[in-house]
Amino acid sequence: MKTEATETHTPMMMQYLRIKAEHPGMLLFYRMGDFYELFHDDAEKAARLLDITLTTRGASAGQPIRMAGVPYHAAEQYLAKLSRLGESVAICEQVGDPKTSKGPVERKVMRIVTPGTVTDEALLDDKRDAVMLAIAPRALALKGKGDKSIALAWLTLSSGRFAVKTIPSERLGAELVRLNPSEILLPEGYLHADLNNLKCALTRRADWQFDAERGRRLLMDQFGVSDLAAFGIEDQPAMQAAAGLVLEYARHTQQAALPHICSLSLERDSEYVLLDAAARRTLEISETLRNEPSPTLFSELDACATSMGSRRLKHWLHHPLRDRAILRQRHATIAALMMSSEAIRGARAALKGMSDLERIAARIALKSARPRDLSGLRDSLLRLPVLQDALQQAGPDLADLIERLIYPPESIDHLARALKPEPGVVLREGGVIADGFDAELDELRVLQSDCGSFLMEMETRERERTGINTLRVEYNRVSGFFIEVSRAQADKVPADYHRRQTLKNVERYLTPELKAFEDKFLSAAERSLAREKLLYEALLDHLAGHLVALQQVADAVAEADVLSGHAQLAGERRYTAPEFSAQWGIQIQAGRHPVVETRVDAFIPNNLQLDPTRRMLLITGPNMGGKSTYMRQIAHIVLLACCGLYVPASSAIIGPVDQIFTRVGSSDDLAGGRSTFMVEMTETAGILHGATEHSLILMDEIGRGTSTFDGISIAWAVARHMAEKTRAYTLFATHYFELTQLNQEYKTLANVHLDAVETGSGLTFLHAVEDGPASQSYGLQVARLAGVPALVINAARRKLSMLENQQIAPSGQGDLFAPPPPPPEPTASPALERLAEIQPDELSPKEALEALYELHRLL
């Protein structure tokens with residue numbers, strides 16, 4: 001039987017368990033000296049995820065204490081790995097004084113790191129925002145009275161962007177792909193098919209936290225308003241619930257107010273050219289079909305000099321606009337920059353090496369900015385006049401952008417005077433505040449810097465007094481101040497020398513005078529660090545007072561980076577400014593694929609003509625002939641135009657566009673229990689239900705995932721519906737040549753094809769789009785190019801010949817389980833008749849050889 005002592009926890013473990021109970025569902029980094037320790041189940045989990053050592057020490061309540069730890073100075077790299085794995089971590093620091101604590105040192109959770117609320121530079125991807133998203137079902141927010149729509153609220157804590165919208169439940173998948181959240185807050189028990197197999201962290205919250213009135217109060221408190229009418233959500237309880245939860249969660253994890261979150265945007269679908277999840281995936285905007293970061297549209301266009309510029313470009317690519325006034329202004333800015341090579345060179349030079357002002361602003365607001373953040377901010381702000389001068393050379397089209405690059409000069413001066421040119425890495429080690437900024441700090445530093453002269457003067461005096469010429473007066477961090485004498489001369493030391501340390505060959509002593517100086521020195525060092533900390537916090541408060549101006553500058557720098565970088569790239573790659581038209585239609589001359597053209601020696605450009613008399617193109621041609629590339633390049637050109645960027649074409653005129661849909665490629669959804677064909681049909685259904693006449697639709701080889709006749713029938717019906725009912729901008733690629741007859745029924749449907757020619761060395765693809773249907777698919781030739789054995793190719797060729805010579809029965813597809821038909825009556829063959837006459841046993845070898853030649857001739 002266990003004793004009372006072994007059945008109770010130690011005081012330290014009781015403290016740990018209490019703090020751990022306050023933060024369920026996350027790892028607890030518990031500060032002990034120079035390490036963050038994890039215990040019990042947390043230790044086992046961390047050891048597995050971080051590949052660190054799991055050990056056992058001591059016991060508490062009769063059980064061995066499992067533990068694992070990481071050095072506090074290297075904690076960021078471990079936190080970054082845990083964040084990428086979707087884990088949340090509570091950071092518990094020592095806040096009490098070990099010298100005065102009678103029990104365990106007082107500890108407190110100072111911050112919580114979750115995948116969606118990280119702000120530290122070491123934990124963030126410099127080209128991707130960490131977005132926290134809350135999902136509030138309208139029915140839950142209205143206590144069962146709402147419909148099936150969903151309110152979304154999302155926050156990028158590292159920039160302060162905060163937005164809300166309401167969507168139908170079936171649109172959730174498309175929004176998740178667009179927003180690409182790092183963490184999702186959702187109610188306990190809430191299920192949705194689009195939440196399966198997500199790569200982000202899912203954090204469940206109690207239903208009562210999705211309370212609209214509670215959210216409303218939190219938002220009004222944050223923005224200092226009496227109602228939410230100015231934000232457009234006064235009568236939107238589900239949005240209030242979602243936004244309030246996001247705000248509360250962010251405050252809880254940061255353990256601080258969030259002054260940089262000063263507005264809330266209500267997003268409306270009417271503002272954007274919408275892309276469904278399939279379109280974002282197929283067009284490989286920022287991630288390839290293999291989930292890799294390149295080659296993608298973003299990776300090819302990212303000529304930005306700053307990380308905030310790269311993030312802005314990615315945001316634009318995923319949020320094409322319908323407001324053509326904004327797009328024309330961007331085009332005008334790019335055009336003005338392209339007219340002045342000096343403006344581009346000057347802007348690129350000024351932007352190169354600029355710090356991430358957007359994220360630094362957030363860390364200033366959260367009081368977590370480090371000295372190197374502020375030195376980077378100082379150096380970047382000092383470059384603003386250079387950037388302004390460069391942009392002014394491009395003319396008046398950039399006046400608004402230049403005006404937004406202004407930051408209060410007195411604040412820049414204050415920051416420059418306050419910081420050392422190269423401040424220390426961390427505040428706790430000092431060396432951050434500049435000399436001459438604060439008289440009290442300077443006095444304390446002088447006291448410390450005089451240490452060397454004092455030691456030299458004392459060493460000279462003590463050598464004279466003791467007659468020991470090898471006597472030394474020194475200081476180190478471990479032993480403090482001491483007088484060092486060799487052991488051979490230790491008998492000569494005066495009586496006021498008190499032994500401090502004995503080493504192998506020397507003795508170290510302390511005198512009352514040296515002890516008094518040591519106390520004074522250490523006190524000065526301690527007071528100097530405290531003073532520096534106070535001044536640094538005051539500097540952060542000063543900068544926080546100009547937070548709005550800093551956010552405005554960061555926004556303008558990001559935009560200048562995108563536009564100047566794109567102007568340079570557009571000149572190098574011969575991109576042109578697209579034109580917009582209010583009339584229905586898309587006309588593209590010499591269009592190119594922005595990704596593929598950089599990876600081939602010679603890209604064949606192609607045209608596109610869609611107008612009210614030519615609304616749909618039925619595209620045929622060989623495999624590998626370029627049908628998919630052609631369709632994707634059209635979508636890319638339209639997308640880039642609607643982002644306000646130049647396009648890879650000699651000219652482009654874009655009519656009204658509200659959505660981009662794609663049904664390209666094949667993939668299954670094993671986890672969701674959907675076959676390739678089911679995925680294809682689901683995406684097709686979404687297009688047929690959601691597309692309007694102003695939608696751009698790409699349909700590639702629909703119907704190939706089922707039997708031939710079923711596939712042809714479905715493809716025919718879908719094409720017919722699009723030509724007759726949808727009447728959108730439609731590119732419809734197919735290998736079913738039967739569909740090419742549809743243009744006889746629908747005059748707005750045109751046949752085009754990409755061709756290939758057979759040569760002595762194989763098959764040559766022409767990659768040029770021509771009017772009319774293709775003559776053949778060249779499937780066997782492509783199979784041969786792919787390395788299919790010649791034996792198989794020959795068998796396929798014979799089978800193809802046989803099929804082409806057969807008449808398809810009127811009854812349609814045959815019964816797979818019916819008995820085979822009787823073989824046809826054999827026809828007379830001269831060779832067979834002669835063979836029947838031959839008697840092999842009666843032939844001499846010479847006669848047998850002659851008979852063989854005769855049979856060969858008859859055959």
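Trainee: In which sense do strand β21 and strand β26 pair, and over how many bridges?

Mentor: β21 (residues 616–620) and β26 (residues 749–759) pair in the parallel sense over 5 bridges. Leu617 stands opposite Ala750 in β26. Strands are DSSP E runs of at least two residues, helices H or I runs of at least four, both numbered from the N terminus; two strands pair if DSSP finds at least two bridges between them.

Trainee: Before we go on, what kind of model is this?

Mentor: A predicted one: local features need pLDDT of at least 70, side-chain atom pairs count only at pLDDT 80 or more, and totals for chains, interfaces and linings use all residues. Residues are numbered from 1 along each chain as its sequence is written, and side-chain values use heavy atoms, leaving out hydrogens and water.

Trainee: Thanks! What order do the strands of the open sheet take?

Mentor: The 7 strands run β13-β23-β24-β25-β21-β26-β27, with mixed pairing. The edge strands, β13 (274–275) and β27 (762–771), each pair on one side only.

Trainee: New topic: at what angle do the axes of helix α20 and helix α21 cross?

Mentor: Roughly 180°, and the axes of α20 (residues 451–466) and α21 (residues 512–544) come within 12 Å. Axes are lines fitted to C-alpha atoms, for helices over the stretch in contact, with angles from 0 to 180 degrees between N-to-C directions. The two helices are therefore roughly antiparallel to each other (angles over 145 degrees).

Trainee: And which residues of α20 make the contact?

Mentor: Cys451, Phe454, Leu455, Met458 and Arg461, against Glu513, Leu514, Phe517 and Phe521 of α21; contact means heavy atoms within 4.5 Å.

Conventions. Angles under 35 degrees count as roughly parallel, over 145 as roughly antiparallel, 65 to 115 as roughly perpendicular and the rest as oblique.
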